[in-house]
Amino acid sequence: MAPFRHVAQLASVLLVVGAALGPVPAGSATRGSGADADAERTAPMTARPQDSRELAGRRIVLSYPGPTPPPETLVAIREGRAAGVILFGENVTSPEQLAEAISRLKRAAAEAPHPRPLLLMTDQEGGKVRRLPGAPELSARRTGTAPDPVTAAVQSGTGAAGTLAGAGLNVNLAPVLDVYDTPDNFIDHFERSYGQDPTRVGELGSAFLAAQQSQGVAATAKHFPGLGAAARDENTDARPVTLPVPLDQLRTRGEAPYRSAIAAGVRLVMASWAVYPALDPDRPAGFSPTVIQGELRDRLGFRGVTITDALEADALTPYGPTGPRAVAAAAAVMDLILCSARDPQQGEDATTALAAALDSGALDREAFTQAVARVDALRAGLG
């Protein structure tokens, strides 16, 4: 994929870059960066119920560095400009500290002009990929090779729900539904795949997510339409990745487990940042209406919430900074924009760019508000 090959397609998007990188309007998170808690609490609210910045913020998942939510993050939440927060290992030092951090985030959400529960999420896949101590102990690979894999998957999903709900979280960015094709490739190396049989992957992933969701913690199937063909060094966090998988193989292997997950009621689906030439030779899946609207929604019938992978991933280097990336994802019908760089300014830049694109007409307002409605419905159901 040649850098900037699709710049012409995003000409309207680039019109908002100046807004994304320019001064942040009064009442934004930057304004509150040096305020103490009382000053933040009494800061004037600038967002109106259908104000573009508030609408934009309701599609943003924020992140922050260290154990304490910073003032900028709390102000954005308090002003209704955040759908949720993703937590990482660096945000957790003890159960007591995490409980205090979650309490601060929830109090800020309760003080918003139109209070809604926050989506409080993390990656608790099992095995090597766990942000919080505790269940599930088994990796996806070990689940798939257990004497009774379905029971093991149910136990893992139940355990994940217990760990997250006990900490005050309500969304798990799991299970992984990638069907690996070569042993020790990218997804298999860290034991993140249930196996090489798409039917079995769908069965075990669905057992995990159904058990977890029955305990009130939403599940996220990822990484659509599948990273199972990625070689060991093909990590979208580190560089652009193209997976030239034939269309029939992509659908019968990569996408097949999602049919089971959708039938089981999975609440969210995360898109891959790889390029799949059989579907769209020019854009990563998370930037492609062909992949998200055409394959996931129209062909497979998913009606839940879509979420990007990390917006700061190096796979997106050819697509400019945070603002254009956020707008391209929204244009592809991605509902939630995952700003996971642990930098509050990333969320501000994404919000500013989305609002500018909405006001300019670069993003369709009706489609935008439909995405917000899907996110709001998810939040209401997890309150």
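How much space lies in the largest cavity? I found about 130 Å³ there, a cavity being a set of points, on a 1 Å grid over the protein atoms alone, where a 1.4 Å probe fits but cannot get out, and a volume being the space filled by probe spheres set on points joined across faces, edges and corners.

I note that this is a predicted model, in which local features need pLDDT of at least 70 and side-chain atom pairs count only at pLDDT 80 or more, while totals for chains, interfaces and linings use all residues. Residues are numbered from 1 along each chain as its sequence is written, and side-chain values use heavy atoms, with hydrogens and water left out.

**Largest cavity.** I looked up its lining, where lining residues have an atom within 4 Å of a point, and found 15 residues, with V179, G228, A229, R253 and G254 closest to the centre. Helix α11 (residues 247–254) gives the most to this lining, with 4 residues; helices are DSSP runs of H or I, at least four residues long, and strands are runs of E, at least two, numbered from the N terminus.

**Pockets.** For the largest pocket I read a volume of about 440 Å³, a pocket being an open set with protein on both sides within 12 Å along at least five of seven lines. It is lined by 23 residues, and D123, R131, R192, D237 and D309 lie nearest its centre. The second largest pocket has about 150 Å³, and its lining includes V92, P95, L132 and T163; both α6 (95–110) and α8 (149–167) supply at least two residues to that lining.

**D280.** Is D280 buried or exposed? I found D280 to be buried because its relative accessible area is 4%, where buried means under 20%, exposed over 50% and partly exposed in between, with a 1.4 Å probe and protein chains only. D280 sits in strand β10 (residues 280–284), and beyond its neighbours within four places in sequence, D280 is in contact (heavy atoms within 4.5 Å) with V275, S288 and T290.
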